[in-house]
Amino acid sequence: MPTPRETPHDRDGRHQPALRLTRADLDALPNYVPGRSPADLARELGLPEAIKLASNEVPYGPLPGVVEAVTEAVTGSHRYPDMGVVALRQALAERYGVDADRIATGCGSVALAEHLVRATCLPGDELLYSWRSFEAYPIIAATSGATSVRVPNDAGHGHDLAAMAAAVTDRTRMVLVCNPNNPTGTAVRKAELDRFLDSVGEDVLVVIDEAYREFVTDPEVPDGLTYLDRPNVVVLRTLSKAWGLAGLRIGFLVAAPEVAAAVRKVVTPFSTSMAAQAGALAALAQADEVQRRCALVVAERDRVTEALRKLVPDVPSSQANFVWLPLGERAVDFGKACEARGVIVRPFAGDGVRVTIGTPAENDAFLAAAESALA
Ligand SMILES: Cc1ncc(COP(=O)(O)O)c(C=O)c1O
């Protein structure tokens with residue numbers, strides 16, 4: 001077997017690995033493809049600006065006070081942040097009416113989902129989720145050695161919780177319930193979630209991913225925090241969406257104290273940065289403004305859904321800040337047609353297109369693009 005020094009190089013001197021240095025199973029994972037930059041697209045199309053409706057961000061800028069708090073915090077950036085995230089966990093505890101020992105924070109809720117898998121699954125254990133759902137789930141399963149078990153969405157593009165319950169085996173360690181579901185916007189209601197939780201063993205962690213909770217208006221869609229009397233339920237939340245902190249990377253979970261403590265053990269040290277902690281504290285003081293912005297998004301979501309249904313009749317009702325167009329094989333072409341008109345959306349090849357709700361003017365531009373794309 002050659003030593004690394006003997007491995008061949010191509011004519012340009014680039015290393016040609018004869019030894020495999022990384023795990024072979026990672027070859028099966030998709031490479032991250034960065035979303036189209038609106039600035040590049042605008043330049044290419046010769047437009048003053050392009051519109052990005054592809055990442056489920058809220059379009060109204062950072063909340064008042066966030067920039068100032070972050071600017072002040074980074075004057076101490078030669079120091080490590082508080083690894084216990086004490087002040088922020090306390091503020092979250094007060095806001096959500098839970099004890100701070102039930103809370104863990106992380107570098108976005110996606111990192112916390114990863115830590116939860118790390119804290120529950122050994123290689124070969126099963127991670128169960130509905131599909132199609134959040135794209136990160138299969139990657140998290142694969143990188144942690146867990147086996148993905150995917151249950152197809154039902155005919156209405158939502159979770160089929162009865163089928164998910166039937167798919168639980170004695171290898172299942174964790175189930176993800178994405179509520180509302182990314183990218184379809186559908187949400188599970190209380191009666192079906194109750195039934196599901198009753199049928200899943202108490203030794204299986206059920207993670208309710210509520211990244212879009214703040215946009216839910218259906219009173220039948222339960223707040224995951226009302227299930228905390230069940231020790232196997234974990235609620236995952238993010239400050240990236242309604243709270244406008246996507247770029248600072250901050251999410252949190254609420255769980256039984258032992259589960260939260262286990263996650264805090266496996267979390268990457270210091271991964272809740274001081275900027276994220278300060279920004280989150282400032283954002284949490286702006287709950288009224290968040291509510292006002294969410295109401296704007298919801299009103300636009302309903303308007304856009306109604307307009308889209310004239311073009312694509314089976315657009316499901318969304319409880320999130322995006323809508324889903326089940327265009328099947330037309331998804332990629334539709335995405336390209338919108339881009340050609342200066343609007344970046346998120347197509348999933350062969351399946352559908354997710355479109356984030358923007359400002360009224362952005363949504364009008366999207367609806368005009370959609371109309372001509374589908375004409
Ligand atoms: C369902 C769901 N969960 C979690 C996340 C992750 O959010 P973040 O890592 O920004 O907190 C997202 C982001 O798109 C999401 O859609």
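Where is the place of T184? T184 lies in the loop that runs between strand 5 (172-178) and helix 7 (190-199), where helices (H or I, at least four residues) and strands (E, at least two) are DSSP runs numbered from the N terminus.

This is a predicted model, in which local features need pLDDT of at least 70 and side-chain atom pairs count only at pLDDT 80 or more, while totals for chains, interfaces and linings use all residues. Residues are numbered from 1 along each chain as its sequence is written, and side-chain values use heavy atoms, with hydrogens and water left out.

**The surroundings of T184**

T184 is buried, with a relative accessible area of 1%; buried means under 20% relative accessible area, exposed over 50%, and partly exposed in between (1.4 Å probe, protein chains only). Leaving aside residues up to four places away in sequence, T184 touches N153, H157, P316, F322 and W324, contact meaning heavy atoms within 4.5 Å. The side chain of T184 also makes the polar contacts tabulated here, a polar contact being a pair of N or O atoms within 3.5 Å, of which, within protein, one must be able to donate a hydrogen and the other to accept it, and residues adjacent in sequence count only if both atoms are side-chain atoms.

| Side chain | Partner side chain | Distance |
|---|---|---|
| T184 | N181 | 2.9 Å |
| T184 | T186 | 3.1 Å |

**An exposed loop residue**

A349 sits in the loop between strand 11 (346-348) and strand 12 (352-356), and A349 is exposed, with a relative accessible area of 61%. From C-alpha to C-alpha, A349 and V204 are 33 Å apart in space, and they are 145 residues apart in sequence.

**Two helix pairs**

Two packed helices are described by the angle between their axes and the distance between the axes. Helix 11 (residues 331-340) packs against helix 12 (residues 360-374) at an angle of about 125°, with the axes 9 Å apart; axes are lines fitted to C-alpha atoms, for helices over the stretch in contact, and angles run from 0 to 180 degrees between N-to-C directions. That makes helix 11 oblique to helix 12, since angles under 35 degrees count as roughly parallel, over 145 as roughly antiparallel, 65 to 115 as roughly perpendicular and the rest as oblique. The contact joins F334, A337 and C338 of helix 11 to F366, A369, A370, A373 and L374 of helix 12.

The axes of helix 4 (residues 109-120) and helix 8 (residues 257-266) come within 9 Å and cross at roughly 105°, and these two helices are therefore roughly perpendicular to each other. Here L112, H115, L116, R118 and A119 in helix 4 meet V259, V263 and V266 in helix 8.
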